[in-house]
Amino acid sequence: MDYLKIKKISATSFLGCALALSLLPHQAAAQAMSPMRGEVKSFADAFALKVFPANPYNHRIRIEVKVYDQNFRPVTGARVSPAEFTLGGRFARPVNVIVPFEGHAKRKVRVCTESIPFPSQPKTTTIKAQVCGKFLGERIQ
Amino acid sequence: MKNLLKVAAVAAFVAVPLQAQAVTDNIPFTGTVSATCLINVTGGGTLAANAGFTTLSSVNAGGIAGTADVTSNGSFSVSLDPIANFDVSTTAPNADLNTTFATSYDLGGANTTTGATGTTALSNTGTTNVSVDLTATKSSGVFEAGSYDATVVLRCEP
């Protein structure tokens with residue numbers, strides 16, 4: 001019974017997220033991340049985002065996409081696909097993010113693209129670039 | 001046969017437009033530029049110890065600030081995350097013991113400021129050169145021999 005209940009919620013989430021994804025801009029540009037602002041309305045118990053992390057360098061870098069709340073605490077229930085990947089130089093790729101409302105009617109999150117371009121240089125201080133977009137999810141009852 | 005050729009020639013003449021018209025039309029182009037922020041880390045920094053080995057800093061003699069270029073075409077701000085520890089790759093013993101960290105940054109290029117510690121709005125679009133400084137201070141004891149690694153998070157957000 002519990003299994004059936006989970007399956008039903010998942011199907012609803014999928015349809016709602018698919019609608020939300022279609023409302024987002026689909027353009028990708030050679031930027032660190034695009035878009036960096038967005039509002040999503042969802043009928044489901046989660047909302048979906050699509051962001052495009054980009055590698056501005058000429059070499060491959062390792063990228064992580066993470067979801068934080070307004071106070072930069074990780075949103076543990078968020079699903080990012082793919083969350084970690086290697087991105088070639090001057091290249092961008094889409095990343096899907098699904099954020100649960102967790103009972104809230106609205107939820108503001110930061111979706112951050114993080115990378116460490118020069119991890120192996122003989123320096124003692126590494127700068128970790130973090131480009132964050134702000135997104136608002138609104139649940140339609 | 002001659003008549004047939006004449007008729008064909010007349011028919012062809014009639015079928016040709018009396019004058020060749022130059023046709024022009026406009027081809028529209030449109031484009032959308034998203035407001036985005038790009039961070040290009042141009043160099044890591046180097047920490048150097050002071051004479052008493054109580055501070056490790058990029059502003060000490062021999063230290064080098066980390067550098068990055070931030071290019072923005074909209075309303076964005078930059079900030080640094082506070083640091084609590086050295087990286088796990090640090091081999092020096094007792095590195096984090098009685099140690100506090102402080103970060104600051106200078107901006108040049110499109111936006112300028114000196115010694116900033118909090119969030120700074122990039123009021124001008126374009127490329128801003130960021131110079132990041134890190135200082136680790138021992139409240140007691142000294143920084144022992146070994147290698148020290150630290151990571152500073154440079155953030156750009158709307």
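Trainee: What stands opposite Ile127(A) in β10(B)?

Mentor: In this predicted model, Val152(B) is the residue opposite Ile127(A).

Trainee: What makes β10(A) and β10 of chain B a pair of strands?

Mentor: Pairing requires at least two bridges between the strands. Four bridges join β10(A) to β10 of chain B, residues 150-157, so the two strands pair. They run parallel.

Trainee: How many residues take part in the contact between chain A and chain B?

Mentor: From chain A, 25 residues are in contact with 29 residues of chain B. The element that gives the most is β10(A), with nine residues. By class, that side of chain A has twelve nonpolar, eight polar and five charged residues.

Trainee: Which elements does chain A hold, and in what pattern?

Mentor: Chain A has one helix and ten strands. Along the sequence the pattern is α-β-β-β-β-β-β-β-β-β-β. Of its 141 residues, 37% are buried. Among the contacts in chain A with a separation of 6 or more, 67% are between residues 24 or more positions apart.

Trainee: Where in chain B is Phe53(B) found, and what is its phi?

Mentor: Phe53(B) is in the loop between β2 (48-49) and β3 (55-57) of chain B. Its phi is positive, about 60°, although Phe53(B) is not a glycine.

Trainee: Why is Phe53(B) called partly exposed?

Mentor: Partly exposed residues fall between the limit for exposed, 12 or fewer C-beta atoms within 10 Å, and the limit for buried, 20 or more. Phe53(B) has 13 other C-beta atoms within 10 Å, so Phe53(B) is partly exposed.

Trainee: How do you know whether Phe143(B) is buried or exposed?

Mentor: The count of C-beta neighbours inside 10 Å is 23 for Phe143(B). Buried residues have 20 or more, and therefore Phe143(B) counts as buried. Phe143(B) is in the loop between β9 (126-138) and β10 of chain B.

Trainee: Which residues is Phe143(B) in contact with, leaving aside its neighbours within four places in sequence?

Mentor: They are Ala49(B), Phe53(B), Leu56(B), Ala92(B) and Lys138(B).

Trainee: What shows that Phe143(B) and Asp96(B) are apart along the chain, and what separates their C-alpha atoms?

Mentor: Along the chain, Phe143(B) and Asp96(B) are 47 residues apart, while their C-alpha atoms are separated by 9.2 Å.

Trainee: What is the form of the peptide bond from Ser81(A) to Pro82(A)?

Mentor: That bond is cis, with omega near -5°. Pro82(A) is found in the loop between β5 (79-81) and β6 (84-87) of chain A. Most peptide bonds are trans.

Notes
Residues are numbered from 1 along each chain as its sequence is written. Chains are lettered from A and ligands numbered from 1 in the order in which they are written. This is a predicted model: local features need pLDDT of at least 70, side-chain atom pairs count only at pLDDT 80 or more; totals for chains, interfaces and linings use all residues. Two residues are in contact if their C-beta atoms, placed from the backbone, lie within 7 Å. Ala, Val, Leu, Ile, Met, Phe, Trp, Tyr, Cys and Pro count as nonpolar, Asp, Glu, Lys and Arg as charged, and the others, Gly among them, as polar.
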